[in-house]
Amino acid sequence: MHWEQRVILVVASALAGMVNSVAGGGTLLTFPALLAAHQTSRIANATSTVALWPGQMSSLFGYRKEIGESRSAILPMVVLGFVGGILGAVLLLYTPSRVFDKIVPFLVLLATSLFMVQEPLSRWQRARMERSTTDAAGKATGEPVPKTKGLWVWILLFLVAIYGGYFGAGIGILILAALGFLGFSNIHQMNGIKNIFTLFINGVASLIFVWKHLVDWRIAALMAVGSIFGGYAAAGIARKIGQRNVRRVVITIGFVLTLSLLRRALTP
């Protein structure tokens with residue numbers, strides 16, 4: 001691997017860490033960088049999952065208080081995340097590379113579309129939180145206890161877990177939506193639960209990818225360092241640029257990547 005490719009990977013992972021710190025969707029930056037480094041789609045997918053997992057682990061510390069208040073909902077989600085992550089990773093293993101290459105453009109398009117609706121969904125969640133914590137007289141009330149609104153929500157979370165183990169980009173917005181249907185309204189509490197869910201999904205998927213030798217460890221180490229640095233040092237730059245502009249860049253990259261992958265998949 002040439003030094004130029006190493007630089008691209010470090011920069012992409014640092015930008016991914018920056019994007020994740022303010023908006024989420026960093027995979028839409030690391031995945032094309034790995035493809036540009038001449039990795040196959042499956043290796044790129046697995047290596048990106050492993051490389052970004054340490055950043056997910058560190059994010060749990062910031063939500064430790066909110067997580068502690070949500071123990072009753074965490075256990076079933078951990079089970080769903082663990083089982084779904086295994087199924088998704090195994091499904092990837094049994095997907096022929098040629099077939100996966102044809103599926104990837106649509107997965108990237110799905111992830112980009114989910115990223116686009118993240119902002120309006122966040123506004124909806126904030127509005128729900130304000131309504132649920134304020135009574136008719138305008139007085140603050142306690143945080144409502146989340147209640148299961150139907151088996152279909154848990155089925156949705158299980159399908160999200162399978163998708164996360166298979167590809168994973170954009171699952172955060174699906175998890176937040178499902179948690180909203182379960183009755184959660186505190187966005188910090190929801191983010192804490194979401195982080196645990198994705199930690200188990202990507203953690204068990206990473207173990208399977210490592211076991212099956214789908215991870216390029218030299219690249220994964222470079223990206224992990226870049227991601228940690230980007231999340232820590234570049235968040236301030238991203239805030240100066242503005243979250244809206246950061247989101248526009250990620251969405252543009254997602255659509256350009258979709259078109260590029262479609263053209264490659266359809267070329268004989």
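This is a predicted model: local features need pLDDT of at least 70, side-chain atom pairs count only at pLDDT 80 or more; totals for chains, interfaces and linings use all residues.
Helices here are DSSP runs of H or I with at least four residues, strands are runs of E with at least two, and both are numbered from the N terminus.

Residues are numbered from 1 along each chain as its sequence is written, and side-chain values use heavy atoms, with hydrogens and water left out.

## The whole protein

The protein has 13 helices and zero strands. Read from the N terminus, its elements run α-α-α-α-α-α-α-α-α-α-α-α-α. Of its 268 residues, 50% are buried; buried means under 20% relative accessible area, exposed means over 50%, and partly exposed is in between, with a 1.4 Å probe and protein chains only.

Contact means heavy atoms within 4.5 Å. Among contacts between residues at least 6 apart in sequence, 81% join residues at least 24 apart.

## Helices H8 and H9

Two packed helices are described by the angle between their axes and the distance between the axes. H8 (residues 151–166) and H9 (residues 171–181) pack at about 165°, with axes 10 Å apart. The axes are lines fitted to C-alpha atoms over the stretch in contact, and angles run from 0 to 180 degrees between N-to-C directions. H8 and H9 are therefore roughly antiparallel to each other, a term for angles over 145 degrees, with under 35 being roughly parallel, 65 to 115 roughly perpendicular and the rest oblique.

Which residues of H8 and H9 make the contact? H8 brings Trp152, Val153, Leu156, Leu157, Val160, Tyr163 and Gly164, and H9 brings Ile171, Leu174, Ile175, Ala178 and Phe181. By class, the contact has 11 nonpolar, one polar and no charged residues. Here Ala, Val, Leu, Ile, Met, Phe, Trp, Tyr, Cys and Pro count as nonpolar, Asp, Glu, Lys and Arg as charged, and the others, Gly among them, as polar.

H9 is mostly covered, with nine of its 11 residues buried. Among them are Ile171, Ile175 and Ala178. After H9 comes Gly183, whose phi is positive, near 110°.

Is Ser41 buried or exposed? At 3% relative accessibility, Ser41 counts as buried. Leaving aside residues up to four places away in sequence, Ser41 touches Phe31, Leu35, Phe100, Asp101, Val104 and Arg264. Ser260 lies in helix H13 (residues 243–266). The C-alpha atoms of Ser260 and Pro105 are separated by 8.2 Å, although these residues are 155 residues apart along the chain.

Most residues other than glycine have a negative phi. His38 has a positive phi of about 70° although it is not a glycine, and it lies in the loop between H2 (27–36) and H3. His213, also not a glycine, has a positive phi near 60° and lies in the loop between H10 (187–211) and H11 (217–233).

The table gathers the accessibility of these residues.

| Residue | Relative accessibility | Class |
|---|---|---|
| Ser41 | 3% | buried |
| Ser260 | 37% | partly exposed |
| His38 | 66% | exposed |
| His213 | 69% | exposed |
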